[in-house]
Amino acid sequence: MGETSMGAAVLCLGALAWLLGSRPHGARRARLLLAGGGVVATGPPAWERALAQLRRRCDRVGAEWAALGAGVVIALWGASVLPVVAGAAGVPVLRRVRLARQARRVRERRADAVIALCGTLAGEVRAGRQPGAALLRAAADSGGLGAARAAVVAAARFGGDVPGALAVAARRPGAEGLLGLAACWRVAVDQGAGLAAGLDRLDGALRAERDQRADLRAQLAGARATTVLLAALPALGLLFGTAMDADPLRVLLHSGAGLGCLVTGAVLEAAGMWWATRIVRGAEAV
């Protein structure tokens, strides 16, 4: 009970510090708005910036190693080596999850860059530039081409196969929209069609697809939160058992029945997480 009370007190103090730290920011913003003077900062508060910086550092270092650290702490607490083994087994799984999340972010940024490239190119062509010069100008201002930018720029500058270079660049995840750009370029050059009109339609289609993905992700946020909550319920049960002086770690780690319950629960937990993740990914792929 003493350890639980101390943990609750620490959480309360942390919440109080967060409220006290965020109150001056809101009060200052209200004073500036009501007074009509000064410039109100529209950026995120300091705690959000600190949290984002912590996430970036964790991505660089590898947050999956926290599972091993937690396993060591629980092993020392429960006087058993099994939590260390479980933490070590969770490291590659969490690494795979982290890398998949990073790949998704890179894919989304690349898709946004392709949309910006199409919009910029359409504006340059509409302003009177030749397609080759417009592509050179748009490619210089956009990162949508990625590592294939040099080949596309060289093809546009020296009269090479621009659609082929764009098709090669479109092989990277998130840059599939460059296939549409290659098709518009080929039709405009071979048949004399308006490149700007085709680029406008392509830009609208890519934006609509991006908005649809964002809307679907927002609708699935509740399902993801429910999955995380269900995954955290066993840990919450252990905390409640410890608060009631039931010593669940000793029962789970140092008795035959407890070990059987632990293995069965871990298998069911892993199966449930896998099934829930599969459902969410299947909904995203529709």
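Where in the chain is the place of Asp245? The first legend below takes up this residue, and every view is drawn from a predicted model.

**Figure 1. Asp245 and Asp247 in the loop between H10 and H11.** The place of Asp245 is in the loop that runs between H10 and helix H11 (248-253), and the place of Asp247 is in the loop between H10 and H11 as well. Most residues other than glycine have a negative phi. In this view, however, Asp245 has a phi near 60 degrees, a positive value in a residue other than glycine, and Asp247 likewise has a positive phi, near 50 degrees. With a relative accessibility of 58%, Asp245 lies above the 50% limit and therefore counts as exposed. Asp247 has a relative accessibility of 37%, a value between the limits of 20% and 50%, and so counts as partly exposed.

**Figure 2. The chain as a whole, shown for orientation.** The chain holds twelve helices and zero strands, so that, read from the N terminus on, its elements run α-α-α-α-α-α-α-α-α-α-α-α. Of the 286 residues of the chain, 24% count as buried. Among the contacts in the chain with a separation of 6 or more, 55% are accounted for by residues 24 or more positions apart.

**Figure 3. The packing of helix H4 against helix H9.** Two packed helices are described by the angle between their axes and the distance between the axes. For helix H4 (residues 82-126) and helix H9 (residues 195-219), the axes come within 9 Å and cross at roughly 155 degrees. Because this angle is over 145 degrees, H4 and H9 are roughly antiparallel to each other, and their crossing is left-handed. By class, the residues of the contact of H4 with H9 divide into twelve nonpolar, one polar and nine charged.

**Figure 4. Ala89 of helix H4 and its distance to Leu68.** Ala89 is found in helix H4, and at 48% relative accessibility this residue counts as partly exposed. Ala89 and Leu68 are 21 residues apart in sequence, and their C-alpha atoms are 8.4 Å apart in space.

**Figure 5. The packing of helix H6 against helix H7.** Helix H6 (residues 149-157) and helix H7 (residues 162-169) pack at an angle of about 170 degrees, with their axes 9 Å apart. Because that angle is over 145 degrees, H6 is roughly antiparallel to H7. In H6, the residues Ala151, Val152, Ala155 and Ala156 meet Val162, Ala165 and Leu166 in H7. The contact of H6 with H7 has seven nonpolar residues, with no polar and no charged residues.

**Figure 6. The aromatic pair of Trp274 and Trp275.** A pair of aromatic rings is described by the distance of the centres and the angle of the planes. The count for the model comes to one aromatic pair, formed by Trp274 and Trp275, whose rings are 6.0 Å apart from centre to centre, with 45 degrees between the planes, and are thus classed as tilted. Trp274, at 52% relative accessibility, is over the limit of 50% and so counts as exposed, whereas Trp275, with a relative accessible area of 48%, is partly exposed.

**Figure 7. Thr227 in helix H10.** The place of Thr227 is in helix H10 (residues 221-243). Its relative accessible area of 14% is under 20%, and Thr227 is therefore buried. Apart from its neighbours within four places in sequence, Thr227 is in contact with Met273 and Ala276.

Note on methods. Residues are numbered from 1 along each chain as its sequence is written. This is a predicted model: local features need pLDDT of at least 70, side-chain atom pairs count only at pLDDT 80 or more; totals for chains, interfaces and linings use all residues. Side-chain values use heavy atoms; hydrogens and water are left out. Axes are lines fitted to C-alpha atoms, for helices over the stretch in contact, and angles run from 0 to 180 degrees between N-to-C directions. Helices (H or I, at least four residues) and strands (E, at least two) are DSSP runs, numbered from the N terminus. Angles under 35 degrees count as roughly parallel, over 145 as roughly antiparallel, 65 to 115 as roughly perpendicular and the rest as oblique. A crossing is left-handed if the near helix is turned anticlockwise from the far one by less than a right angle, and right-handed if clockwise. Ala, Val, Leu, Ile, Met, Phe, Trp, Tyr, Cys and Pro count as nonpolar, Asp, Glu, Lys and Arg as charged, and the others, Gly among them, as polar. Rings of Phe, Tyr and Trp (its six-membered ring) pair if their centres lie within 6.5 Å; planes under 30 degrees apart count as stacked, over 60 as edge-to-face and the rest as tilted. Buried means under 20% relative accessible area, exposed over 50%, partly exposed in between (1.4 Å probe, protein chains only). Contact means heavy atoms within 4.5 Å.
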